Amino acid sequence: MAGAGVPDLHTLAAGKKVVIIATHWHEQVMEGLIAGAKRACQDAKADFEVVRVPGSFELPLAAKAYAESGKADALVCLGVVIRGGTPHFDYVCDAATYGLTKVSVESAIPLGFGLLTCDNVEQALDRAGLESSHEDKGYEAVQAALAMVQVLAQAQK
């Protein structure tokens with residue numbers, strides 16, 4: 001079950017700064033993802049800022065810029081790519097995933113991966129954290145990023 005075993009946000013990140021980087025495509029899905037991410041930050045008492053980028057392909061560059069800025073203890077990248085009739089889906093998903101992984105590993109800044117890669121709009125809506133959704137991937141992406149803030153802090157001790 002999604003969400004099982006997640007850490008308690010209330011003890012994780014009071015005062016930490018989270019930058020939520022979100023795409024513009026598929027606005028209804030994005031509104032849900034962003035709302036979930038904001039709610040998770042509020043639950044954790046973490047400070048946050050929302051930055052919008054055109055699409056999922058642009059997420060890695062924005063994440064790199066914020067990682068290098070020193071303004072973030074954690075990054076949360078939110079987007080949605082829905083499969084179409086061309087290979088565009090595969091290229092965008094691969095490039096965004098690789099780029100975000102590279103930013104996180106090279107910067108050592110935790111990155112919550114909230115990029116939905118769905119076969120259809122219904123799957124995206126079901127994961128968007130909307131009232132009718134079964135999952136809230138925006139919230140979960142913040143949980144993962146803040147949990148990693150704690151893991152990295154423990155590694156430094």
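This is a predicted model: local features need pLDDT of at least 70, side-chain atom pairs count only at pLDDT 80 or more; totals for chains, interfaces and linings use all residues.
Student: In what order do the four strands form the open sheet?
Tutor: Strands here are DSSP runs (E, at least two residues), as helices are (H or I, at least four), numbered from the N terminus. Two strands pair if DSSP finds at least two bridges between them. The pairing is parallel, and the order is E2-E1-E3-E4.

Student: Why is one side of E2 and of E4 left without a neighbour in the sheet?
Tutor: Strand E2 covers 47–53 and strand E4 covers 111–118. Both stand at the edges of the sheet, so each has a single partner strand.

Student: How many bridges join E3 to E4?
Tutor: E3 spans residues 74–82 and runs parallel to E4. Cys 77 stands opposite Phe 113, and Gly 79 opposite Leu 115. The number of bridges is eight.

Student: Is E3 mostly covered or uncovered, and how many of its residues are buried?
Tutor: Buried means under 20% relative accessible area, exposed over 50%, and partly exposed in between, with a 1.4 Å probe and protein chains only. In a regular strand, side chains alternate between the two faces of the sheet. In E3, Ala 74, Val 76, Leu 78, Val 80 and Ile 82 point one way, Leu 75, Cys 77, Gly 79 and Val 81 the other, and all are buried. So E3 is mostly covered, its buried residues being nine of nine.

Student: Which residue forms a salt bridge with Arg 52?
Tutor: A salt bridge is a side-chain nitrogen of Lys or Arg within 4 Å of a carboxyl oxygen of Asp or Glu. Here the closest N and O atoms are 3.3 Å apart. Arg 52 lies in strand E2 and its partner in helix H1 (residues 27–44), so the pair ties together parts 25 residues apart in sequence. The partner is Glu 27.

Student: Which residues join Lys 137 in one network of salt bridges?
Tutor: Lys 137 meets Glu 140 in a salt bridge (3.1 Å, N to O). The two are three residues apart in helix H5, which means about one helical turn. Salt bridges that share partners join Lys 137 with Arg 127, Glu 135 and Glu 140.

Technical notes. Residues are numbered from 1 along each chain as its sequence is written. Side-chain values use heavy atoms; hydrogens and water are left out.
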